[in-house]
Amino acid sequence: MGKTKHSGPIKLDQSPKPSLWVSPAPLGLGKVKPHHIWDTLKAVYDNRDNLPYAYRILTKGVCDGCALGVSGLRDRTLTGPHLCTTRLNVLRLNTMPAIDPGWFDDIERLKTMDSAQLRRLGRIPYPLLRRKGENRFTRITWDEALDRIADKIRGIDPKQLAFYWTARGITNEVYYAASKAARFLGTNNIDNASRICHSPSKTALKRSLGISASSCSYKDWIGTDVLVFWGSVAANNQPVSTKYMYAAKKAGTKIVVVNPYREPAMENYWIPSIPESALFGTKIVDDFVQVHIGGDIALVNGVMKHWFEMEKERPGSALDRKYINEHTSGYEDLRKHVTSLDWSALEKSSGLTRERIGEFARMLAAAKSAVFVWSMGLTQHRFGTDNVSQLANLAMLRGFVGRERCGLMPIRGHSSVQGAGEMGAEPMALPGGGPIDEESRNRFEKLWGFPIPSWQGDIVGLSLENALLPDGHDRRTRVLYMSGGNFLETMPKPDFIRTCLESVELRVHQDIILNTSTLADAREEVIVLPAMTRYEQPGGGTSTSTERMVYYSPEIEGPRVGEARAEWEIITDLAARVKPGLKSKIAFRSAQQIRDEIAVAVPYYDGIQHLSKAGDVFQWGGVWLCEEGRCPTPDGRGKLIPIQLPELRKPEGHFYVTTRRGKQFNSMVYDRKDPFNAAMREDVLLHPSDAGELGIEEGEAVVVYNRSGTLYGRAKYADIRKGNIEVYWPEGNVLFPKGVYEPQAGIPEYNGAAIVEKAETFFAYKDTRYAERRVKELEIDP
């Protein structure tokens, strides 16, 4: 933990700088760009029936969008108001009225709708029951709903019970209560949304530096010599961050993006709250390093190889020897590994020449400070943990850890997901992040007053698959309790996931809206429980941002929907009904009581108990973790880890394939057109020369396929590394294999290899050529 405290927001330099302008044409006329004014007006129209309430949410609540941590309209990085269209898109989820009860009478009709259409129907007003074979939801009371669930849980082995908690505005209080309730019920099968986004970040940072969160703060972006985004499109997913980039550019920071696709959102952006940028746009990125999909490990090994060669010629020209000697271990093993690698292998894997890697290496070697920011482009791989440890290696060799304008930052895509693991809502750790070993279990058994299961819990992917185990198997998932989430639109191989969901005996959906997974059948019954939003939670709630700021979001006066209850209250009430004799061990009287207990259970969260009004915030760990090079590891040092090149399986005639996001928030799509490149949801982004070799014209119908599935789309030319394609998420999830998880963090594989062909060719030969001659070609091991 660090000693230095955050000094608060700084004033943004808004003096004109024409050299950063994208175009002298006002408001980006003639450019492909987001239409912020139109989106804002649309948000006002969508919330017209509840505008005063919507205004109070925006000005008093903590943003339930990305994890930048905007409280009201303010944050801890820059002074002035901050508001983005992502937050405005999500706003309607909090203000819309209850769904018309008539919709519950026809499940088949609801099944014809996609999640966007279901979302617009309105909020879930009261508990619902649907038994196997029924075509309608029946209204039931809270007592009946919770008693039915409790009766079922009492009749199964705790290993057959699994919980999942999404990042849908859930507060730390809810995560903590859920973590405690799961252990009270005897199960470690509890997981959260970070399993499919940033679980490798936590795992890698823990093994490399002993930390499990960003080592720095957003203010460190401003004025650092180099700011590198690895597989992260912050301009799209965390739009307010473009203000930090603007401030960084004004302070002389060089911004680099490492990504297969030259992301338009990162190249140029029109920041609506900065007049100069809103009028003329801002050139954000100075350089794009366009790697192959999955080529980041090779790139970083190449950078380090260059550094070791530079050091051999002139000691001190590339490495921070003092930092390495005083604050790291494993240097010689890393050096021997990297120097033994062949340049041809590094070039092939990365997709970059030795000379291009050298340019990047020399730029980083010349920097006195740097911040590395990353997201799904690094983590959603079967080697995601190794990807992130490579960045830690790079940072430690240059001493870019634990000091001002330096650090490692896994930028979060949702305001509440950072706190999920810290509150223990995961299968491998208890609150505070400690492993479920004897020491940790003894501590929490004394605090909580009941035994903690010692067996290893399952990640959510395995809990889903376990529903397919034979009857009688002691780990077959028989009850799946989900707060939010839609695995049909977030997990690879959606048809397989549907089979898993429908094989669960009792599935519980605790949510604010319906989605496509809510409508899936179950072996016995589906129960739907209406939840409150964070702004409705009595006693308020807290959320933790990417930079470890714990913000208090108050209960906000406004309309309430039907019988919706606070999520922490629902899960503790259920747990008490399962074991009524131990009710006093699990019951909480208020959200404040939960915060009081968190401060004891998670020592570095001491201070959360004092948050009680809008604007209250504290940052755990100080402004920098590993300050002055001291890491919370057994020896106090960071560990340099040799990382092998991954096997990138791309047979002849295949492309590397990965996913990207458009106008959406996580899996919630808000528009079919991507505002940054004008692509439609069905478009397949590929390099023009690749398309030319296949005889594919832009806009032509194409088929992308492999052993996992088939995607029908249209060709969209893009500045992407040759040999790579990108498809939209979640539509492209059909192309990724089921049951393939990163071995250390458990994230599913969201990358692969696929064939691209003209649709007319595919359909002309699909019954002969593809069935008879290409079977082996499609048999690609995941």
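How far apart are the end C-alpha atoms of residues 123-576, and how much of the span is helix and strand?

1. Basis. This is a predicted model, in which local features need pLDDT of at least 70 and side-chain atom pairs count only at pLDDT 80 or more, while totals for chains, interfaces and linings use all residues. Residues are numbered from 1 along each chain as its sequence is written, and side-chain values use heavy atoms, with hydrogens and water left out.

2. Annotated spans. The ends of residues 123-576 are 27 Å apart, C-alpha to C-alpha, and the span is 39% helix and 15% strand. Helices (H or I, at least four residues) and strands (E, at least two) are DSSP runs, numbered from the N terminus. An unreviewed UniProt entry labels this span "domain: Molybdopterin oxidoreductase". From an unreviewed entry also comes "domain: Molybdopterin dinucleotide-binding", for residues 656-753. That stretch is 7% helix and 34% strand, with its end C-alpha atoms 5 Å apart. UniProt positions follow the numbering used here, feature names are shortened, and annotations may be inferred rather than shown by experiment.

3. Domains. An automatic or database domain assignment sets the bounds: domain 1 is 124-197 + 430-614, domain 2 is 199-411 + 631-639, and domain 3 is 655-761. Between domain 1 and domain 2, the C-alpha centres are 36 Å apart. Seven residues of domain 1 and 14 residues of domain 2 make the contact (heavy atoms within 4.5 Å).

4. Interface area. Domain 1 and domain 2 bury about 900 Å² between them, 44% of it on carbon and sulfur atoms. Buried area is the accessible area (1.4 Å probe) that two parts lose on being put together, summed over both. On the domain 1 side, Cys197, Thr546 and Glu547 supply 58% of the area buried against domain 2, more than any other three residues.

5. Interface bonds. The rule finds zero salt bridges between domain 1 and domain 2 (a side-chain nitrogen of Lys or Arg within 4 Å of a carboxyl oxygen of Asp or Glu).

6. Serine 454. This residue sits in the loop between helix 21 (438-448) and helix 22 (460-465). Apart from neighbours within four places in sequence, serine 454 contacts Asn188, Ile436 and Arg441.

7. Backbone. Most residues other than glycine have a negative phi, and most peptide bonds are trans. Lysine 493, not a glycine, has a positive phi of about 55°; its loop runs between strand 13 (479-483) and helix 23 (494-503). The peptide bond from tryptophan 729 to proline 730 is cis, with omega near 15°. Proline 730 belongs to the loop between strand 26 (724-728) and strand 27 (752-758).
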